[in-house]
Amino acid sequence: AARASGCPLAVIIPTSIGVPALPPPRDRPATGELLTLADQVRLLDYDPTDRDSCVGADERLVAAGSLLLAVWDGSPSDGRDATAHLVTYARARGIPVEVLWPEGAAPDRTPRARTSPARSRF
């Protein structure tokens, strides 16, 4: 969609101490396609098991952009995700925010198991 609209596509790859994370097997074809289509690939170093590190990385991404597209139901942060924080962060810096919420969608309120560093979602 970004390419079709003429917008440059930047792909961000999480890293740990400069080593890119390997996506889960089910996500590798899509990751490869995104890398092929990317105008820019950036490595972003952070610890995916540390919430403060993740929020800091998210803030760096938002600050580097010109628009935040947020898939968000409008609820305040409940400590499990950082979407409400990032929307506030972007708006405070004058970065436009477009909130997307598919009609009929419901937030996932099921408890999440904490991932270990070896089994990270990244």
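Reader: Which residue forms a salt bridge with Asp 27?

Author: This is a predicted model, and in it Asp 27 forms a salt bridge with Arg 26. The closest N and O atoms of the pair are 3.9 Å apart.

Reader: Why is Arg 26 called exposed?

Author: Exposed means over 50% relative accessible area. Arg 26 has 68%, so Arg 26 counts as exposed.

Reader: And why is Asp 27 called partly exposed?

Author: Partly exposed is the range between the buried limit of 20% and the exposed limit of 50%. Asp 27 has a relative accessible area of 30%, and therefore counts as partly exposed.

Reader: Why does Thr 15 count as buried?

Author: Buried means under 20%. Thr 15 is at 4% relative accessibility, so the label buried applies. Thr 15 lies in strand 1, residues 10-16. Leaving out residues up to four places away in sequence, Thr 15 touches Pro 20, Ala 21, Leu 43, Leu 44, Asp 45 and Tyr 46.

Reader: What makes Leu 68 buried?

Author: Leu 68 has a relative accessible area of 15%, and the limit is under 20%. Leu 68 therefore counts as buried. This residue is found in strand 4. Beyond its neighbours within four places in sequence, Leu 68 is in contact with several residues, including Val 62, Leu 86, Val 87 and Ala 90. The C-alpha atoms of Leu 68 and Leu 86 are separated by 8.7 Å, and the two residues are 18 apart along the chain.

Reader: How much of the protein is buried?

Author: Buried residues make up 24% of the 122 residues.

Reader: What does the protein consist of in helices and strands?

Author: The protein has three helices and five strands. Along the sequence they follow the pattern β-β-α-β-α-β-α-β.

Reader: How do you know that the span of helix 2 is close to the expected one?

Author: Helix 2 has 14 residues, and 20 Å is expected at 1.5 Å a residue. From its first C-alpha to its last, helix 2 reaches 20 Å.

Reader: Which elements do the buried residues of helix 2 pack against?

Author: They pack against strand 3, strand 4 and helix 3. Among these buried residues are Val 55, Glu 59 and Val 62.

Reader: How do helix 2 and helix 3 cross?

Author: Their axes come within 10 Å and cross at roughly 35°. The crossing is right-handed. The contact is made by Val 55, Asp 58, Glu 59, Val 62 and Ala 63 of helix 2, and by His 85, Leu 86, Tyr 89 and Ala 90 of helix 3.

Reader: What kinds of residues make this contact of helix 2 with helix 3?

Author: They divide into six nonpolar, one polar and two charged. Asp and Glu count as charged, so Asp 58 and Glu 59 belong to that group.

Reader: What covers the buried residues of helix 3?

Author: The cover includes helix 2, strand 4 and strand 5. Leu 86, Tyr 89 and Ala 90 are among the buried residues of helix 3.

How values were computed
Residues are numbered from 1 along each chain as its sequence is written. This is a predicted model: local features need pLDDT of at least 70, side-chain atom pairs count only at pLDDT 80 or more; totals for chains, interfaces and linings use all residues. Side-chain values use heavy atoms; hydrogens and water are left out. Axes are lines fitted to C-alpha atoms, for helices over the stretch in contact, and angles run from 0 to 180 degrees between N-to-C directions. Helices (H or I, at least four residues) and strands (E, at least two) are DSSP runs, numbered from the N terminus. A crossing is left-handed if the near helix is turned anticlockwise from the far one by less than a right angle, and right-handed if clockwise. Contact means heavy atoms within 4.5 Å. Buried means under 20% relative accessible area, exposed over 50%, partly exposed in between (1.4 Å probe, protein chains only). The expected span of a helix is 1.5 Å times one less than its number of residues. A salt bridge is a side-chain nitrogen of Lys or Arg within 4 Å of a carboxyl oxygen of Asp or Glu.
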